[in-house]
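Subject: Structure for your review

Dear colleague,

Please find the structure below, followed by a summary of what was found in it. I would be grateful if you could read the two together.

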Amino acid sequence: MSFVPAQTVSEQAAVEQPVAGKAGSGKARRGRAARHKAASFAGGLLLLVLALAYVSPFLISVATSFKTTADATAHPLSLVPETVTTAAYRKLFLNSDFPLWFANSAVVTVAVTAGRVLLDSLAGYALARLPFRGRGVVYAALVAVMAVPSVVLLIPRFLVINSLQMYDSYAGLIVPLLADAAGIFIMKNFFESIPPSVEEAARMDGAGPFRVFWSVVLPMARPALITIVILSFQGSWNELSHFITASQSPELFTLTKGVAQLSAGALSQGTQYPLKLGAAVVMTVPVAVLFFVFQRRIMNTGAGAVKE
Amino acid sequence: MSGIRLPRRRRSIHSGQAAAGWLFMAPAIVLLGLFLVIPIAMALWVSVSDWGGRGNPFTGAAHFVGGRNYAELLTGDGLARRDFATSLRNNAYYVLLVVPLQTVVALGLAVLVNRKVLRGRGLARTAFYFPSVTSSVAITVVFLFLFTASGAVNRLLGYLSIEGPNWINDPRGVVHLALSAVGVDSPPAALRSPVLGLDVWDWLSGPSVAMCVFIVLAVFTTSGTFMLLFLAALQNISAEVEESAQVDGATAWQRLRHITVPMLRPTLFTVITLGLIGTWQVFDQIYTGSQGAPGKTTLTPAYLSYEASFTSQEWGRGAAIAFLLFAIIVVMTLLQRMVLRERDTGGRRPRRLRPSATAPKGGEQA
């Protein structure tokens, strides 16, 4: 994270010199500069207030997860627990299925991410560089498939998973998520942007298509692959609806499903807010780490998934 | 797709590549076909069948019932149509409020973060975007806590001497509330007539107080993503244009209104389209936060489709709701396309021709 070096007010005034010159009088110049200062102060204040508003739910969650239940209910706004307690986290990790959910989420996320990196780059490379009959049709189909809203597929996908006897298994959780038209699209665009001369040279040396792909092209594709990793990790870690429709046994609960159930079920049996917020905090940590590590890339491409 | 014509002497390499092409594509094609294309075909069949969740619907456990499932939702007299209409109403108000709000907030944030005079813009941008990457389940849990009757939001309102409602448990529609504030508590007889099984009066309820929590939640989590889209477009607007307008004495508001916003049209279009598609699919938050309660005022078609299938075992109806939802999303997107295109009298703007070389791109990525 880095502060953006703000342009100083005097620099700004220098840029505005011609404006003031046109306006004619020194009085107007001074008035304009003062107004500018006031405007940028107001802008800065607004930015600060908004940033605080966006961050405060997360700060409150972290603070509340270290409170007692009574404290959480009595002082919902306070950022400092009356007495700091790790009771919520101890209960989560020692006395609940939370570690199991976490492990399941990790297994699914790693498998989906690895699978997507491989499949997306293979397919993207074929679409970008390997001329085969029907490539245009495949490409058109890909675009069409991307347009289908995911919620519409909720029930249909269950029907296939059920027919393939993958319901209630890790395969049912993982394999359907490997289908990733958008990722193929990203990889195709990337491969089209790199010059073909390198591959040509390797091909002249007698390397087959897979060899060229694996040892020449793929190492060059690191930036695009990182994008796929970010999107896949975030997407599968945060996925909920697919897991709801693909499994039912408690041994296969992921974090999203488990915490959603915790939230829904516990509504009737007391609030347990520190526990729920602790769970929310812990499940946010891996994506938060990913976000801060790859922040520059995420912000530059604007490739963050749109939330529904 | 064209332009790859290799010389004759390399024919063997070419055909090797063709085989490799299919080989490389095969896993992706199988997966996409299996989990995206075939499901739609299967669901189409289920939506015109009476499958009850037992046995295989494709080998005799289900019977063809024609358009019955659709008819029950659209013209039937039962609870199915009433629930579907309720879910449409709820989601329509959600879309109506979330799409404009998230677009305006995202644009505002982008303009603010794009101002070079402000310090700490990088940090602010991080703060605005962070909610977008977190899980919808986690955020919903947090919001349920913030919006309890004696929660953080009501405490804040308390400082302003406003008594906050019991947010997530309050089924009253905000339009009904506003009307009852001016003394209108029951509808005139004219509004008692039912449309799609729901009284006109009930259609006009506005989003329930509970639904408002989800509306705020949606704006909070999506504005960061759309801010990034706007930001990328803003950085493509040449500084010269801004400066010359400034020289001509245009105020900040005039510049925003007459230069920035028109030049952002393509992005605006994208943001609204994505917003429409996304907001009609709201599911995770409802599943986590309310399951349609209170009084079915947070029921959405996506959640209803899930509930009909997995809870009530009415798979035909669930699939039919999914297809109707699909149709709504397609129609909405086309409609929005038409409306925005018609108003675009300036013709097409070739984006590539914009003088982006002078745009202040470098040196300001945090």
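This is a predicted model: local features need pLDDT of at least 70, side-chain atom pairs count only at pLDDT 80 or more; totals for chains, interfaces and linings use all residues.

Residues are numbered from 1 along each chain as its sequence is written, chains are lettered from A and ligands numbered from 1 in the order in which they are written, and side-chain values use heavy atoms, with hydrogens and water left out.

Chain A

Chain A has 17 helices and zero strands (DSSP runs numbered from the N terminus: H or I of at least four residues for helices, E of at least two for strands). Of its 308 residues, 48% are buried (under 20% relative accessible area, with a 1.4 Å probe and protein chains only). Among contacts (heavy atoms within 4.5 Å) between residues of chain A at least 6 apart in sequence, 69% join residues at least 24 apart.

Helix H6 (residues 98-129) of chain A packs against helix H13 (residues 222-238) of chain A at an angle of about 145°, with the axes 9 Å apart. Axes here are lines fitted to C-alpha atoms over the stretch in contact, and angles run from 0 to 180 degrees between N-to-C directions. Residues in this contact include Phe102(A) and Arg116(A) of H6(A), and Phe233(A) and Trp237(A) of H13(A). By class, the contact of H6(A) with H13(A) has nine nonpolar, six polar and two charged residues (Ala, Val, Leu, Ile, Met, Phe, Trp, Tyr, Cys and Pro are nonpolar; Asp, Glu, Lys and Arg are charged; the others, Gly among them, are polar).

Chain B

Chain B has 15 helices and two strands, and 52% of its 366 residues are buried. It exposes about 16,700 Å², with 63% supplied by carbon and sulfur atoms.

Helices H3 (residues 79-113) and H12 (residues 265-279) of chain B pack at about 150°, their axes 9 Å apart. H3(B) and H12(B) are therefore roughly antiparallel to each other (an angle over 145 degrees). Their contact includes Tyr94(B) of H3(B) and Gly275(B) of H12(B), and comprises eight nonpolar, five polar and no charged residues.

Yours sincerely

Note on methods: Angles under 35 degrees count as roughly parallel, over 145 as roughly antiparallel, 65 to 115 as roughly perpendicular and the rest as oblique. Buried means under 20% relative accessible area, exposed over 50%, partly exposed in between (1.4 Å probe, protein chains only). Accessible areas come from the Shrake-Rupley method with a 1.4 Å probe; for residues, only the protein chains shown count as cover.
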